[in-house]
Amino acid sequence: MTVMGARNQTEPTLFERSRPGRRSSELPVTDVPDVDVDVVLDGVELAERAPLLPEIAELDLVRHFTRMAQRNHGIDVGFYPLGSCSMKYNPRVAERVAALPGFRDAHPWAPPAAVQGTLRALWELEQWLTELTGLHAATLQPAAGAQGELVGLLMIRAYHEHRHDDRDVIIVPDSAHGTNPASATTAGFEAVTVPSGPDGLVDVGALEALVNERTAGLMLTNPNTLGLFEVEIERIAAAIHDVGGLLYYDGANFNAIAGRVRPGDMGFDVVHLNVHKTFATPHGGGGPGAGPVVVSEELTPYLPAPVIVADGEPPSGYRFDWDRPLSIGRVHGFHGNVGVLLRALSYLQRHGSDGLASMSAKAVLNANYLARRTGEALPLAYPQHPPMHEFVLCGTAVREHGVRVLDVCKRLIDLGYHPPTNYFPLIVDEALMIEPTETEAPETLDGFAAALAQAVGEAAQDPDILHDAPRSTPVRRLDEASAARRPVLRWTPETDD
Amino acid sequence: MADYAPHTAEDISSMLDLLGHDQLDDLFAHIPAHLRIARPLDLPPGRSEDETLADSARLAAANRTDLVCFAGGGAYDHYVPAVVDAVLQRGELLTSYTPYQPEVSQGILQILFEFQTMVCELTGLPVANASLYDGASAVAEAAAMACAATRRSRLLVSDGVDAPTRTVLGTYAHPLRRPLDPLAVVADGRTVVRDIPGDVAAVVVAQPNCFGIVEDLRAHAEAAHAAGALLIVKLEPTAVGLLATPGSLGADIVVGDGQPLGQGLNFGGPTVGFLACAAGYERRLPGRVVGRTVDVDGRRGYVMTLRTREQDIRRERATSNICTNQTLSAVAATVYMAWLGPQGLRELALGCLRRARAAAEQLTALDGVDLAFGGPFLKEFALRLRDVDPAAIIDGLCDEGYLVGPLVDDPRGAGGPLVMVAASERRTSADIAGLAGALQRQLKDQR
């Protein structure tokens, strides 16, 4: 794979590179009177030694992190077909927008008059999101999709509580991402699973049998985690709404339908969006993302506080409204990952409504095309419906050769490709979940399909080439079992080897 | 209109041919027609990069950029060195995702291992995770850990924990029916911890607290432990340039916001939450954890570990619902701490303390301006302003080019809200004199 440099070499940690007396930092001269620490901090327990931070000169610092970067795969390096992650190109203009000094240096406690630009940008982003989802109002506080899930579920909880309606069950499909049931528990609900039918869609009959007066709501991605559009979404919505429950839309797969289908029109009451997926803000190795939540008018009173308000029509000024008596509270110390939200706004402004519809169409085109190409190597797990922006292959065919999908994935690395998501969703045996996104060219997809076909072919002829993969990387397969059994979670001089 | 997709018209038609479709819309034909948008959305048309940037620059310019920052309240105007930005813009780090395939993610994994090590050093505890969203939600996650570990549900939360964090903690605790009781702050600005009931899972305090005052963590830990409760400390990380680490004084879980560590202001986010704990709680950690191991050839390498706690495996029985967190912000903090070094951290903490003492001295020399508390402070302190509306003073100072705040409620309920003032290493004696002069004028104008 293209992760380069120092094959089969370990890189010392910053602590091993450290030499006493070296440093990078130089702080400004202090031009105020000195203080006697023992006097001004009388009675305070002071540090007996400085924390063991590295002592390193700036060039060696830069080289260390450059080497770290060279040992890492990113979208900038190559194809990154992780299902449900929308690993698409991250436009660089967004970096420039977020770095504008007016945005970058805005203090969260500044009086509103001093931060009108940021407030207006955030308010505009909310307008984009409400129109794109077909809903009424938004909060930008959640720092990630999972925190958005928690916020949405807490609002569902508050809605029922306010009506003195005691409901304690959130229904989650068996194909759902693990955050859905985990968020339901975190929000104080019992998570109950509804099975998928043989065609990969929610078993609507089973759902109708499951709903009752305990049902607080249903969490659903549409298209679902298999990449299939739940065509009976309106019957699903009716089943939930008829018993007094609410419908939660997990926006992990919004890239398939942005600008073309709106969750609000499908009957959803609350939506979270992952701006690091659909709106291409950088994933950053696992965050920071942002998970704005958009809700119907009925749920608006329960939004986290504060809420951004525009005064006048057209708006002449922006401020925070803290007086939200029915609010669920808040989930962030300030106003969410604003730097990330500004990047998302720039993405929306670049595309406009038409651009988003074109984006999602090409995402679906690429997924259908790649599903057709990879179908020669491994079958679709659920071929009954056409895939949307992603698809799931079933890799059980290689098992007769003593090979698992994990081995295929590791072999893909040697063939130059980051593997897809594997062993998810859980309802597919030996699953490979593939999302190419719209920013990949057909020749890239052809190359990946050929590599997958090669790896699957090798499974029959030379399975050890898969068992021994990867061989081209800085380290080979790692002993995860002993890492968990005897965890070494920090560097110490004693663990230096 | 932006189009980052590479497809030529020819690409599209040949791909559609393979699929047996005539046009792109056919890919959506199985979706009920009335759910497909038939009209243009009520949104502006797409714009060129140049125009988008120009629009953004106009908005950014609508923010005041001329303010001399003495504001605190959890967000501090520390310098962010150029190397931090340079590292963050490396595409291999910026555009990577959660390191599910460790062989091609050793860079992020090793950096997170280094981050965990540094968090352990700052907190004085042996175990840390690979980041959380921010300091406020980190307190909520720590409380959940403590409730699970003690099998108790009540939380005692100091009034010295900042108001947003207390609200976040309440938002997380309410659905799980975990009661929150307040702990009072007294005249010197410190929390009083005594007579802890037997059903308390944890005592939650901040170091320094939201009034800037250094807490007596050793006493708090002893009181908490005597009742079988854990001590959770929300730490402002630069404080340990001078103070003993919370872990060395008996804290069981130490969390905080890494904003002061190379994150910049960004209107409060993104920053990075951190969490460290005493030995024995590893398997209750929320979020990602990186561990060191070896590969099949015996070479050192890093993996995400203790994975069976996590939502993608444990689902509704996970220790938390966290998936994506704040990795790149943790990278920034790691670069910053390495840039700073141990000597730099001490100089930073001491430099801020000297500036804050100088500011406090000059500001309290004004008539009707007093320190709200008698206890020791580091880079931030609380002022009580007599006979004026403090909010109007803050606005007036802003007009004069000085940013102070936030306003915080006086925990003793006496008088109006207090004004927080913080001094970073970037403030000069001239800045401090300027602020004092501006405050003097504002007090005169408003009395």
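**Group meeting talk: domains, chain contact and a sheet**

Hi everyone, let me start with chain B: the centres of its domain 1 and domain 2, taken over C-alpha atoms, are separated by 28 Å. Please keep in mind that this is a predicted model. The domain assignment of chain B puts 68-77 + 341-446 in domain 1 and 82-335 in domain 2.

How many residues does each domain bring to the contact? Domain 1 of chain B brings 24 residues and domain 2 of chain B brings 25 residues. On the domain 1 side, H10 and strand E12 (380-385) of chain B each supply at least two residues. H10(B) gives the most to that side, with six residues. By class, the domain 1 side that touches domain 2 of chain B has 17 nonpolar, four polar and three charged residues.

Now to the contact between the chains. Here, 174 residues of chain A are in contact with 174 residues of chain B. Helix H10 (residues 327-364) of chain B turns up again, giving the most to the side of chain B that touches chain A, with 23 residues. That side of chain B divides into 90 nonpolar, 50 polar and 34 charged residues.

Let's move over to chain A and its sheet. Seven strands form an open sheet with mixed pairing, in the order E1-E7-E6-E5-E4-E2-E3. Which strands are at the edges? Those are strand E1 (137-139) and strand E3 (190-194) of chain A, each pairing on one side only. From one strand to the next, the twist averages 25°.

Inside that sheet, strand E4 (residues 215-220) and strand E5 (residues 246-251) of chain A pair in the parallel sense over four bridges.

Helix H8 (residues 179-186) of chain A lies across strand E2 (169-173), E3, E4 and E5 of chain A, running at about 175° to E2(A).

One last stop, a helix pair. The axes of helix H13 (residues 405-414) and helix H14 (residues 442-461) of chain A come within 9 Å and cross at roughly 125°, which means H13(A) is oblique to H14(A). The crossing of H13(A) and H14(A) is right-handed. Among the contact residues are A:Val408 and A:Leu412 of H13(A), and A:Ala455 and A:Val456 of H14(A). The contact residues comprise seven nonpolar, no polar and two charged.

Methods. Residues numbered from 1 in each chain as written. Chains lettered and ligands numbered in written order. Predicted model: local features only at pLDDT ≥ 70, side-chain atom pairs only at ≥ 80, totals over all residues. Pairing = 2+ DSSP bridges. Axes fitted to C-alpha atoms, helices over the stretch in contact; angles between N-to-C directions. Contact = placed C-beta atoms within 7 Å. Parallel < 35°, antiparallel > 145°, perpendicular 65-115°, else oblique. Left-handed = near helix turned anticlockwise from the far one by under 90°. Nonpolar A, V, L, I, M, F, W, Y, C, P; charged D, E, K, R; others polar. Domains from an automatic or database assignment.
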